Amino acid sequence: YAQNWNIAQHICEAPDSSPKSEVSIVTGWLFDISLQEDTDHNYYTSKTFGPSDPMSKELWVNIDQMEKDNVKIHGILSNTHRQAARVNLSFDFPFYGHLLREITVATGGFIYTGDVVHRMLTATQYIAPLMANFDPSLSRNSTVIYFDNGTALVVQWDHVHLQDSYNQGSFTFQATLHSDGRIVFAYKEVPVQIAKISSVNHPVKVGLSDAFVVVHKIQQIPNVRRKTIYEYHRVELLKTKITSSTAVEMMPLPTCLQFTSCTSCIASQINFNCSWCHRLNRCSSGFDRHRQDWVDNSCPDEVCMWMCVYAMQLCVYKDRLVYSDSIISELNCISAQNYKYCKMCVSAPAAKSTAEDSTHPLRMGLILGMVLLLLVMVAIVLVTVYIYHHPSSAAGLFFIERRPSRWPAMKFRRGSGHPAYAEVEPMGQEKEGFIESEQC
């Protein structure tokens, strides 16, 4: 589910303004993590601090005590509903291993982190301290504030009300993005249980999400591209832990993207299976925002295996691999634990040559099958020609007696009254060329 959002036009422009492009969002994710206190997982570690914990107060940033020149109250976001505006950062912010210099702040209690700005920002690629149907225009006291001190960005939704539940009271909370990748959610006022907030008109989420974009060319229509956004990871915080005077701190864990050399990439001992792509000079697990480059350059086709080369950690890239058990024994690879992280990468041609040898019998069988099929078709043609020129023969009389006019009436013929089905987009799902897929 994703909600339509208007983008502040004087601040935000879509990266691809061409009308001949469309975006699909697929929100099936590779990992689904529900975080609790002191929880470790692939991309972040997190800890939730309760109302009585002193850390809850320490993690709350009092913007009133900051320099007023650096504190900005966004006039448009503070007086509108379902609006979003871009904010430039003065530092590089690591998010899922990617360095961001620009984010998009939305009135609905979340920050959008994607490069492709569309009208369904709630679907994926977000940092959401409390995503809900907030409407700052309902009260003069409601404001959206942000503060950048050079090492951290604080975004605060101050005294905002739910559009469909104004009488429940105002919410005040903030998200802090640190230059080291830390993310802090702090809550000052949460008048109701988050689980009771209605998600009928707007999704209610607390957590993180990231995705990668894949561009497809539509062959039937030239110069038209289809962008599909695939969500590869989502973090969902427990909503029951979020109350007034609580806080959540998330610390980033190492990712493959931080390694800049082949040796460090293949020797990494982290939660991901990192591989080095020589064509891109990049370390990756294959699932990040550079997914399309990784696939287009045939990086997944590189077959890798572990080897040790005495006291040198090397990664050798060759077109063909000469490999035998004697090499391993000569290098004493099993006992040389200090050098077990050396890696030899075999290119796709070597892997393909090995695959071709193993599939040789399959190819022969396929060829023989095609020859037999061709012989059967030739025989059918010859029999048809013979019957046509000799209708009084035994074979001709046999087929004439069994011609289709003597068959029983066929059902489901054209015009039989059975409708032809066509796939259509659900109402409300197609908006200005962007298409949303239902959540997997």
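Strands here are DSSP runs of E with at least two residues, helices are runs of H or I with at least four, and both are numbered from the N terminus.

A quick word on what you're looking at. This is a predicted model, where local features need pLDDT of at least 70 and side-chain atom pairs count only at pLDDT 80 or more, while totals for chains, interfaces and linings use all residues. Residues are numbered from 1 along each chain as its sequence is written, and side-chain values use heavy atoms, with hydrogens and water left out.

Back to β17. Which residue stands opposite Val248 of β17? That's Phe185. Strand β17 also pairs with β5, residues 44-49, again antiparallel, and here six bridges join them.

Buried means under 20% relative accessible area, exposed means over 50%, and partly exposed is in between, using a 1.4 Å probe and protein chains only.

Now follow the chain onwards to the cysteines. How many disulfides does the structure hold? Three, where a disulfide is a pair of cysteine sulfur atoms within 2.5 Å.

Let's take Cys256 and Cys274, joined with an S to S distance of 2.0 Å. The torsion about their S-S bond is about -85 degrees, so this disulfide is left-handed. Cys256 sits in the loop between β17 and α2 (262-266), and Cys274 in the loop between α2 and β18 (275-277), so to speak distant parts of the chain, 18 residues apart. Cys256 counts as buried, at 4% relative accessibility, and Cys274 is buried too, at 5%.

Next up is the disulfide from Cys265 to Cys283, S to S 2.1 Å. This link is right-handed, with 75 degrees about the S-S bond. Cys265 lies in helix α2 and Cys283 in strand β19, residues 282-284, so the pair ties together parts that are 18 residues apart in sequence. Cys265 is buried at 1% relative accessibility, and Cys283 is buried with a relative accessible area of 1%.

Then there's Cys277 with Cys299, their sulfur atoms 1.9 Å apart. With -65 degrees about the S-S bond, this link is left-handed. Cys277 belongs to strand β18, while Cys299 is in the loop between α3 (291-296) and β20 (303-306), 22 residues away. Both of these cysteines are buried.

How do the disulfides cross along the chain? Counting bonded cysteines in order, the pattern is 1-3, 2-5, 4-6. And while you're in that area, look at Cys262, which counts as buried at 12% relative accessibility.

Last stop: the UniProt record, an unreviewed entry, lists residues 366-388 as "transmembrane region". UniProt positions are in the numbering used here, feature names are shortened, and annotations may be inferred rather than shown by experiment. In the model, that span is 100% helix and 0% strand, and its end C-alpha atoms lie 33 Å apart.

Terms used. Pairing = 2+ DSSP bridges.
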